[in-house]
Every structure is written in structure tokens, then in C-alpha cells.
Amino acid sequence: MTSSADDLRSVSLEKIGEHRFRATNSRGGSLVLGHGEDPDFTPVEMLLAALAGCSALDVDFITGKRSPMEAFEALAAATKIRDEEGNRLIDISVTFDITFPDGEAGDAARKVLPDAIKKSETRLCTVGRTVAVGTPVTYAEGTLS
């Protein structure tokens, strides 16, 4: 395993209201998250969006070399439980509904679609692989207080 400073990914979070936070990436992009009693995404919904989005990009890159998609939808779903291991998600799934145009290019994209989804699941999608393999998370108090 090799990594460098270029491999580090980070997001900063700032409080912007009661139970509301803004996440900002190093490129200046931001999104707001909340606790579910407002239209903002909850952290769990963001995780599901990250799972679907990560694989969507993989599938788009692979199939897009053959044909653009005519229509694309993905559904990421899971069941939230609380048990002796704490709050967590189980039965996580990502389902794709993709159409390609008629013709040779669309046929080529349809042909590689199952393999593209499988490659994303088993190797390419960093978010999905991190969840599936399991990675310890450390929490610590910083120096802002």
C-alpha cells in the first residue's frame, strides 16, 4: 500500500444554525446537512448519495466510452437499525436503471453495463469499498475549543 500527500481527502464542517452544518471541500464546493426535520440531507442520506454517486461515476466512465446514456437513475437504500453494535445501516443496496440509445454504440454500452457495475462494487468505488471492507474511524478533540 502506498500513499502520498496528494492522496489525502478532507472536508471541513462548520455550524450554520441549530442542528445544521455546512461541509466544504478543498475546491470550495459546499453542501448543507441537517438532522432530518428540514429539507437538508442527513448524514445517512449523504452516505447513501455517496455510495450511489461513486458507482454512478464509475459506470458512466466505463459505459460512456461506448455510448452516452439516454436516461439514468440510481437508488441507494438501506435499513437503519440499533442493536448491540450501536446505530448502523444494514441491507445496503444500489440499484441502477439506465437506458442507452438504439444502435451499435448503445448495444456496446449495454453489453458492458453488468461488468461496469460489478467492477464498481468489487474494486473501483472508494466509498463502497470502504464500507464493505470496513475501516476504523478515529474521533478526537481538536484545538479549536
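This is a predicted model: local features need pLDDT of at least 70, side-chain atom pairs count only at pLDDT 80 or more; totals for chains, interfaces and linings use all residues.

Biologist: What makes a set of points a pocket and not a cavity?

Modeller: Both come from a 1 Å grid over the protein atoms alone: a cavity is a set of points where a 1.4 Å probe fits but cannot get out, whereas a pocket is an open set with protein on both sides within 12 Å along at least five of seven lines.

Biologist: How do you know which residues line the largest pocket, and which lie nearest its centre?

Modeller: A lining residue has an atom within 4 Å of a point. By that rule there are 37 of them, and R9, V11, L47, A50 and V127 lie nearest the centre. The elements giving two or more residues are β1 (11-17), β2 (20-25), β3 (30-33), α1 and α3. Helix α1 gives the most, with nine residues. Those element names are DSSP runs numbered from the N terminus: helices are H or I with at least four residues, strands are E with at least two.

Biologist: What classes make up the lining of the largest pocket?

Modeller: It has 22 nonpolar, eleven polar and four charged residues. Here Ala, Val, Leu, Ile, Met, Phe, Trp, Tyr, Cys and Pro count as nonpolar, Asp, Glu, Lys and Arg as charged, and the others, Gly among them, as polar.

Biologist: Why is the link of C54 and C125 called a disulfide?

Modeller: The definition asks for a pair of cysteine sulfur atoms within 2.5 Å, and the S to S distance for C54 and C125 is 2.5 Å, so the pair qualifies. The structure holds one disulfide. With 140° about the S-S bond, the link is right-handed. C54 lies in helix α1 (residues 43-64) and C125 in the loop between α2 (104-124) and α3 (126-133), so the bond ties together parts that are 71 residues apart in sequence. C54 and C125 are both buried.

Biologist: Why is S120 called buried?

Modeller: Buried means under 20% relative accessible area, exposed over 50%, and partly exposed in between (1.4 Å probe, protein chains only). S120 has a relative accessible area of 1%, so S120 is buried. S120 is found in helix α2. Not counting residues up to four places away in sequence, S120 touches S55, D58 and C125, where contact means heavy atoms within 4.5 Å.

Biologist: How do you know that β1 and β2 pair?

Modeller: Two strands pair if DSSP finds at least two bridges between them. β1 and β2 have six bridges, in the antiparallel sense, so they pass. One example is E14, whose bridge partner in β2 is R22. β2 and β3 also run antiparallel, joined by four bridges, and F21 has L33 as its bridge partner in β3. These two strands form a hairpin with four residues between them, and G28 in the turn has a positive phi of about 95°.

Biologist: Why is D91 called exposed but H19 partly exposed?

Modeller: D91 has a relative accessible area of 60%, so D91 counts as exposed. H19 stands at 43%, so H19 counts as partly exposed. A71, in strand β4 (residues 71-83), is partly exposed too, with 36%. Leaving aside neighbours within four places in sequence, A71 is in contact with D97, I98 and T99.

Terms used. Residues are numbered from 1 along each chain as its sequence is written. Side-chain values use heavy atoms; hydrogens and water are left out.
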